[in-house]
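The following explanation leads the reader through one protein, from its overall form to a single residue. Please view the sequence and the structure together before reading on.

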Amino acid sequence: PEPVRGLSVSSSTIGMQNPAAEQDQPIIQVALGFQHGYALSSSQVFSWGKATRGQLGRELDSDQETWARPIVIEEGVVQIASGHHHGALLTDSHEVYIWGKNMGRGDLKSNSSDRENHDARKPEKVLGLPTGPNGGTMKVQRISCGSHHTSMLLEDGSVYAIGIASDEAVPILDPVELIPAGMLEFPLRQFEAHHDRTTIVDNQGHVYQVHLWKDELLREYAYFTPPYVNVLLDAGESIQSIHRGWRHTIIVTK
């Protein structure tokens, strides 16, 4: 193992050949993508690794960055998350920003067939979330990234998502409701996005897995309890969390 270079408040101004930018602040969160990483300190988000599709959240002159460098964001950040080739963050004002592969809202209007025209090289605010009780946008409480989508838990208990749909590989950047308000019992035991879906385990042990669908009909049946979970529930088990890899699943019971 080698230390990640550049986790410093001065890393944005120190050259690659200068070894002075050693870590000078504690890291409180880390999120890893396919070939990149993010780290969150109390004051800064850092990124490093491959940058071919904008997944580092900043402009670069090359397709990768071996040193950690700051992602410029004007607000305080309380959570970071990573997909295969995209990233997301949650600010202290409960807003979500995304960047990376197929996350460029403005470029989606382009007629160009160049796939990179749909990428966001810098963080872009997620727009289109529902209105809250005070007339402003509903606050986001938690985020989690699957391989190509980002799920958001809102203050009313509903779950929304953006990203690449499971049924058709198209970007959906207007948030889609996956679970309506009033279904989940809080506090949640788990809120975690996996490869192609998001798992929610509520305080009563109810398990819901949800996909982001493009098809309107499929959206009406977006959430479900997997049959293998029902087998455990019928046997009297209480589910604590579910963890999914590419081709395997681990279930943790209480």
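**From the whole to one residue**

For a chain of 254 residues, a compact globule would have a radius of gyration near 18 Å; the protein has 19 Å, which agrees with that expectation. The model under discussion is a predicted one. Along its principal axes, the C-alpha trace spans about 60 × 45 × 40 Å.

The secondary structure of the protein comprises two helices and 18 strands. When contacts between residues at least 6 apart in sequence are considered, 46% of them join residues at least 24 apart.

The surface may be considered next. Of the 254 residues, 45% count as buried. The protein exposes about 12800 Å², and carbon and sulfur atoms supply 48% of this area. As for charge, the protein carries 21 positive and 31 negative side chains. The centres of these two sets lie 3 Å apart.

Glu-65 belongs to strand S4, which covers residues 64-71. Is this residue, Glu-65, buried or exposed? The relative accessibility of Glu-65 is 12%, and a residue counts as buried when this value is under 20%; therefore Glu-65 counts as buried. The side chain of Glu-65 also has a partner: it makes a polar contact with the side chain of Arg-58, at 3.5 Å. Glu-65 in strand S4 is thus a buried residue whose side chain is in polar contact with that of Arg-58.

Methods:
Residues are numbered from 1 along each chain as its sequence is written. This is a predicted model: local features need pLDDT of at least 70, side-chain atom pairs count only at pLDDT 80 or more; totals for chains, interfaces and linings use all residues. Side-chain values use heavy atoms; hydrogens and water are left out. Helices (H or I, at least four residues) and strands (E, at least two) are DSSP runs, numbered from the N terminus. The radius of gyration is taken over C-alpha atoms; the globule rule is 2.2 Å times the number of residues to the power 0.38. Buried means under 20% relative accessible area, exposed over 50%, partly exposed in between (1.4 Å probe, protein chains only). Contact means heavy atoms within 4.5 Å. Accessible areas come from the Shrake-Rupley method with a 1.4 Å probe; for residues, only the protein chains shown count as cover. Lys and Arg count as positive and Asp and Glu as negative; His and the chain ends are not counted. The place of a charge is taken as NZ of Lys, CZ of Arg, CG of Asp or CD of Glu. A polar contact is a pair of N or O atoms within 3.5 Å; within protein, one must be able to donate a hydrogen and the other to accept it, and residues adjacent in sequence count only if both atoms are side-chain atoms.
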